[in-house]
Amino acid sequence: MNDIFAYTLETWYASHGRQLPWRQTSDPYCIWLSEVILQQTQVAQGLAYYNRFVSRFPDAQSLADASEDEVMLLWQGLGYYSRARNLHAAAKQIAQAGAFPDDYDSIRRLKGVGDYTAAAIASIAFGLPYAVLDGNVYRVLARYFGLQTPIDTSAGHKEFRLLADELLDRRRPALYNQAIMDFGALQCTPRSPRCQDCPLADSCQALAANLVDSLPRKSRRQRVIDRYFTYLYISSPDGRLFIQRRGAGDIWQGLYQLPLIETPSPLSLQDMALRFPGCDAELLVDGLTHQLTHQLLHAQCYAIRSSSYAETVPDGLWVPLQNLQDYAMPQLLVRIIRKISR
Ligand code: SF4
């Protein structure tokens, strides 16, 4: 049974698998980089980021030697900036050790590396028998075996982990892991899976029971919270813009932004006049939204003429407008500044 499942996936992969640069190498650094980037984005966009990272930082030592600002700038647009910070910290761990770790436990100890990434690197770079279990694998297993246990519970984690380990092709863990991940990404997709030409269709439990659309199951949906951001566009007569570095304890730590006021609802012109008396606020951008996993950000931006306010902002700096691209900013800010510059 296990052999047939693995064999079917591997055969499918031989003709349908994606040809990607990190598949043509067994360099653990490149495989690690690709896995971290692909946790953030689709392959098409991830490819451009991967190429930029590998060409700027061809090995862990060069990444370790870079400044945090430079790493953030290269990561800009991918979101989840803590991943970029972890990537940088892990590169320093590797550089200090002198080589990329070559066993699962040592790989797992790298900053930001969880079970999934450790299994992917251990199997793909070193041929070690560790089964990957990511969203794609959960979906394929839940559907093919008709498993109803919610995947976001500890019972679900345990059940799927045992099954994934049992199904692993221990002679070809790299091939098997890549096959099941691609199968989930291309064939057994979250929406509109291609059951009509699926090589597993004859024995797929979800297809037989008409449960394809309801599997995998989740026990709860996390609530999305709304946040209201008002950015302040403060420029100087000599063409400089006032920006600030974000501190710790919230999203986008270490990135740059326009000074920000967060309030329970959007700020009107009257609100701005009360907050900044005599400062002549002008609404530049309104009604932008930006979706994060559990937050929906509503953003607006006012120009204010108040360099004295700038003096009260922590971690602020005046930057010539033409140098703005040297500072890593969240995509939301990139959109706002682009709108203003038009
Ligand atoms: S038949 Fe459909 S649901 Fe079942 S494994 Fe294939 S693509 Fe997925």
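Trainee: Which strands does helix α15 lie across?
Mentor: Helix α15 (residues 331–341) lies across β1 (225–233), β5 and β6. The angle to β5 is about 145°. Axes are lines fitted to C-alpha atoms, for helices over the stretch in contact, with angles from 0 to 180 degrees between N-to-C directions. Contact needs C-beta atoms, placed from the backbone, within 7 Å. Helices (H or I, at least four residues) and strands (E, at least two) are DSSP runs, numbered from the N terminus.

Trainee: What should I know about the model and numbering?
Mentor: This is a predicted model: local features need pLDDT of at least 70, side-chain atom pairs count only at pLDDT 80 or more, and totals for chains, interfaces and linings use all residues. Residues are numbered from 1 along each chain as its sequence is written.

Trainee: In what order do the four strands of the open sheet come?
Mentor: The order is β4-β1-β6-β5, with mixed pairing. Strands pair if DSSP finds at least two bridges between them.

Trainee: Why is one side of β4 and of β5 left without a neighbour?
Mentor: β4 (260–263) and β5 (282–291) stand at the edges, each with a single partner strand, so one side of each has no neighbour in the sheet.

Trainee: How many bridges join β5 to β6?
Mentor: Seven, and the two strands run antiparallel. Leu-283 stands opposite Tyr-302 in β6.

Trainee: New topic. Which domains does the assignment give?
Mentor: Domain 1 (2–214) and domain 2 (225–341). The bounds come from an automatic or database domain assignment. Their centres, taken over C-alpha atoms, are 36 Å apart.

Trainee: How many residues of each are in contact?
Mentor: Nine residues of domain 1 are in contact with seven of domain 2.

How values were computed: Contact = placed C-beta atoms within 7 Å.
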